[in-house]
Amino acid sequence: MSFDSVSVVGLGYIGLPTAAMFASRKVSVTGIDVSEKVINTINDGKIHIVEPDLDIIVHATVSEGYLKAQDTPEPSDAFLIAVPTPFKGDHEPDLSYIRSACETIAPVLKRGDLIILESTSPVGATEQVSHWLAEYRTDLSFPHQIGEETDIFVAHCPERVLPGQVVRELVENDRVIGGLTPKCSEKAVELYKVFVQGDCIVTNARTAEMAKLTENSFRDVNIAFANELSIICDKLDIDVWELISLANRHPRVNILQPGPGVGGHCIAVDPWFIVSKTPSEAKLIKMARDINDYKPDWVIEKVKSKVADHLSNNPDISIKDISIACYGITFKPDIDDLRESPSLDIARELTDWHKGDVLIVEPNIKELPSSFKGGTLVSQEEAVKTADIHLILVDHKEFDMLASSQIPISKIIDTKGLLNQ
Ligand code: SAJ
């Protein structure tokens with residue numbers, strides 16, 4: 001079978017680039033989103049997210065008539081669900097967006113359609129999608145009911161692309177494809193082969209769900225190891241970046257880098273999907289989450305003790321006279337993404353706590369988020385010139401010059417090892 005039309009539900013960081021890739025291969029793509037602003041932006045041939053090269057593809061495919069966005073579904077050969085899967089207050093996954101995506105597409109489903117769950121999901125979510133769709137469409141059969149003879153085919157194919165490199169990685173990365181039956185997988189492989197040049201490797205749905213969670217948990221555990229080392233080394237007066245670079249010279253050691261904590265909407269979230277399903281077993285994965293979540297508190301304590309040192313070295317001044325500069329508030333370098341950013345949390349908490357000036361340097365944004373009650377967005381030059389304490393939170397390329405800025409080392413807290421690079 002060939003796929004002449006594809007619908008993508010959720011036009012965010014993953015859904016929009018995926019929709020654009022299908023459209024660039026001359027498939028007729030309907031993007032479905034609940035936001036009128038997102039729909040209008042895309043139909044104007046523009047994008048609402050920052051992702052290199054994506055604007056060119058969206059502009060071209062919308063102008064050529066292969067990509068359109070709307071809030072209502074229409075019949076298609078395949079439907080991809082790429083909606084958020086956050087967690088609730090108790091770290092339990094929130095599948096309500098997936099459920100409402102099912103409700104949205106159910107009325108237009110017809111015999112032979114393929115449904116792909118792309119959203120990162122806890123084990124069992126793909127089966128759940130099949131159950132929800134079956135509730136909405138009792139006139140059709142689904143794989144969990146009758147296996148290979150099903151009317152509707154359902155598979156999980158988790159996205160694995162790195163923000164900032166999405167356009168290239170969507171094409172080049174291998175894809176793990178887990179159908180609820182072998183025929184579901186076969187159809188899904190055929191669909192992705194429209195633009196994927198990497199291998200499409202087939203497994204079952206539960207393994208595909210767990211594979212994605214495992215990849216991000218592996219990275220989280222490795223970063224937690226680096227963060228724990230940084231806390232140990234601080235106590236033992238050892239330079240953790242030098243230590244890690246020495247250890248990584250061993251042919252079978254590859255430790256990641258410590259930092260102010262783990263941010264973004266993936267690595268700090270996905271491990272909880274394993275922990276919430278198997279709390280007694282997932283001990284190391286939970287511990288890694290706790291270590292990485294604790295790191296921002298540790299950084300704040302470091303700043304407080306630097307402020308106390310500064311006060312005791314300068315008995316004539318009060319805390320109000322001390323100014324603190326925070327360099328970077330995004331969740332990783334050279335992007336404008338503030339989602340789940342530990343650096344942002346640290347900077348905001350310092351503005352709440354500190355009675356003097358808190359200067360924020362963030363070259364990738366134009367104004368501070370409204371959640372900041374204090375703090376001033378300033379240029380790097382101004383912060384270097386005026387601050388008493390310099391807290392490096394993100395290794396943006398613009399901050400390379402801090403290494404040659406003549407700021408005394410005793411005034412710097414470098415959470416990213418920028419001065420060692
Ligand atoms: N970080 C460190 N030390 C490191 C590497 C990262 O502290 O050595 C921090 C970053 O500063 C950031 C956080 O971890 O705060 C996450 O950044 P990241 O670059 O590791 O990952 P993401 O969230 O941008 O993308 C990840 C990727 N997963 C893996 O590399 C296993 C990506 O391939 C996934 O598609 C994405 O999650 C996702 O959507 O799940």
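1. Some ground rules before you start. Residues are numbered from 1 along each chain as its sequence is written, and side-chain values use heavy atoms, with hydrogens and water left out. The model is predicted: local features need pLDDT of at least 70 and side-chain atom pairs count only at pLDDT 80 or more, while totals for chains, interfaces and linings use all residues.

2. Begin with the open sheet of eight strands, in the order β3-β2-β1-β4-β5-β6-β7-β8 and with mixed pairing. Strands (E, at least two residues) and helices (H or I, at least four) are DSSP runs, numbered from the N terminus, and two strands pair if DSSP finds at least two bridges between them. At the edges stand β3 (67-70) and β8 (200-204), each pairing on one side only. From one strand to the next, the twist averages 25°; axes are lines fitted to C-alpha atoms, for helices over the stretch in contact, and angles run from 0 to 180 degrees between N-to-C directions.

3. Now look at the β8 end. Strand β7 (residues 175-179) pairs with β8 in the parallel sense over five bridges, and G179 has N204 in β8 as its bridge partner. Helix α9 (residues 205-236) packs on this sheet, touching β6 (153-156), β7 and β8, where contact means heavy atoms within 4.5 Å. The direction of α9 makes about 115° with that of β8.

4. Which element gives the largest share of the shell around the ligand? It is α9, with five residues. In total 19 residues surround the ligand, the closest being E159, V161, K212, R219 and F331; a residue is near if one of its heavy atoms lies within 4 Å.

5. A polar side-chain atom of N216 lies 2.7 Å from a ligand oxygen atom, and a backbone N or O atom of F331 lies 2.7 Å from an oxygen atom of the ligand.

6. Finally, visit the open sheet of five strands, ordered β11-β10-β9-β12-β13, with parallel pairing. β11 (376-377) and β13 (412-414) each have a single partner strand, so one side of each is left without a neighbour in the sheet. Four bridges join β9 (residues 324-327) to β10 (residues 358-361), and Y327 stands opposite V361 in β10. Helix α13 (residues 342-353) packs on this sheet, touching β9, β10 and β12 (389-392), and its direction makes about 160° with that of β10.

Conventions. Polar contact = N/O pair within 3.5 Å; in protein donor to acceptor, adjacent residues only side chain to side chain.
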